[in-house]
Amino acid sequence: MSFGDYLLFIVGAILVNNILLAKFLGNCPFLGVSKRMDTATGMSMAVIFVTTMAGTITWLVQYYLLVPLNIEYLQTISFILVIAALVQLVEIIMQKTVPALYRALGIFLPLITTNCAVLGVAIININEEFSFLDSIVFSFASAVGYGLALCLFAGIRERFALARIPKAFEGTAIGLVTAGFMALAFSGFSGLVAH
Amino acid sequence: MAFVKEFSKGLWDVLPPFRLVLGLCPTLAVTTSAENGAGMGLATTFVLVCSNLLVSLLRKAIPSKVRIGAFIVIAASFVVITELLMQAYFFGLYQVLGIFIPLIVVNCIILGRAEAFASSHGPIDSVADGLGIGLGFTLSLFVLGGVREVLGAGTLLGARVLWDSFEPFAFMVKAPGAFVSLGVMLAIINLISARMAARKRRAQ
């Protein structure tokens, strides 16, 4: 692919096929940590970091371990183990080398193991038969899209404190409806990149 | 009676995904029709019951430091079994549900029940808990899928249920409709339980 193709590919992954709003991956933390802006940015950074690394490593696992040994059916179990181990490793390394970043991301890291966006992106990389470079770019761009949607959503949700919301809609219900309208807004990008 | 109690709480008191706000991704993604919703729900139920049973049987053998890892491996093994079984017997449904079958492993409901219930209760109670929560989840997905299918395509389980000149809302079967209809259903359930609580207070 040329540089222009990559640019379209990245824009497509961030805006058009937004992993959160169009593909429904990683919704539990999306609703869980979006009540405040600072937790949302922390979570976004952690997701971008882990997804990119997980996408890279699971690609290598798939093509240098599972395919040669003919055990592709163990994909799910091996990917989740790679992700769980990776998250743990990142946590330990960060704690020793960049304690400031660790303190900022600390509590979000363990949560990421069960964020289906990470495993989802890793599986999409394989299903779409992306090359190694494509996988890295796609993982990074998808995670940036996730972060973007999460931070925008947190910005909206902070304003809810000032709004009068019907009692039955308080909390998660109004959050879901808001997410629906955000998804509608994002679907306006669908003409941007031809697929 | 404990079996019935553990079973029935999943159908209302902790009904996922409304009471336990967990497992939202499959809820939103596969409920474009009632059939897909029910298929996803049943696959999740199978994994949940099996993983609850195994976690409960092994609860004394698993050291607490590595328990999360152990739960994930147990869940992942059953997900692989489900994947292979569905490929063999329900290939059409397997293709529709696609990536969300392997993603059952990161469905927070599975890990949540292993941690919150199965790791501290006996095998019979754990199976009851898994069955109740799983069937509650299936029912929720079926209803949500049904609502979206009727409004978004005018059909239910593939059969036409609305009048012929009905123009389906494409919105409902697309991504935004999933969020909005789940939000509205959650609000309705909140409303019903608030009414029930108020009635109970008056009765006392």
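This is a predicted model: local features need pLDDT of at least 70, side-chain atom pairs count only at pLDDT 80 or more; totals for chains, interfaces and linings use all residues.
The contact between the chains involves 34 residues of chain B and 34 residues of chain A. On the chain B side, the elements that give two or more residues are helix H2 (24-30), helix H4 (67-89), H6 and H9. H9(B) gives the most, with twelve residues. By class, this side of chain B has 28 nonpolar, four polar and two charged residues.

H9(B) packs against a helix of the other chain. From H9(A), the contact is made by Thr172(A), Ala173(A), Ile174(A), Leu176(A), Val177(A), Ala179(A), Gly180(A), Phe181(A), Ala183(A), Leu184(A) and Ser187(A). H9(B) contributes Ala175(B), Pro176(B), Phe179(B), Val180(B), Leu182(B), Gly183(B), Val184(B), Leu186(B), Ala187(B) and Asn190(B). Of the residues in this helix contact, 16 are nonpolar and five are polar. No charged residue takes part.

One residue of this contact can be followed further. Ala183(A) sits in helix H9 of chain A. Is Ala183(A) buried or exposed? A residue with 20 or more C-beta neighbours within 10 Å is buried. Ala183(A) has 23 such neighbours inside 10 Å, and therefore counts as buried. Leaving aside residues up to four places away in sequence, Ala183(A) touches residues of both chains. In chain A these are Leu21(A) and Ala22(A). In chain B they are Ala175(B), Pro176(B) and Phe179(B). Ala183(A) and Ala13(A) are 170 residues apart in sequence, yet their C-alpha atoms are 14 Å apart in space.

Helix H3 (residues 34-57) and helix H6 (residues 108-116) of chain B cross at roughly 25°, and their axes come within 10 Å. Angles under 35 degrees count as roughly parallel, so H3(B) and H6(B) are roughly parallel to each other. The crossing of H3(B) and H6(B) is right-handed. H3(B) brings Val47(B), Leu48(B), Ser51(B), Asn52(B) and Val55(B) to the contact. H6(B) brings Ile109(B), Ile110(B), Arg113(B) and Ala114(B). By class, the contact of H3(B) with H6(B) has six nonpolar, two polar and one charged residues.

How values were computed: Residues are numbered from 1 along each chain as its sequence is written. Chains are lettered from A and ligands numbered from 1 in the order in which they are written. Two residues are in contact if their C-beta atoms, placed from the backbone, lie within 7 Å. Helices (H or I, at least four residues) and strands (E, at least two) are DSSP runs, numbered from the N terminus. Ala, Val, Leu, Ile, Met, Phe, Trp, Tyr, Cys and Pro count as nonpolar, Asp, Glu, Lys and Arg as charged, and the others, Gly among them, as polar. Axes are lines fitted to C-alpha atoms, for helices over the stretch in contact, and angles run from 0 to 180 degrees between N-to-C directions. Angles under 35 degrees count as roughly parallel, over 145 as roughly antiparallel, 65 to 115 as roughly perpendicular and the rest as oblique. A crossing is left-handed if the near helix is turned anticlockwise from the far one by less than a right angle, and right-handed if clockwise. A residue is buried if 20 or more other C-beta atoms lie within 10 Å of its own, exposed if 12 or fewer, and partly exposed in between; C-beta atoms are placed from the backbone.
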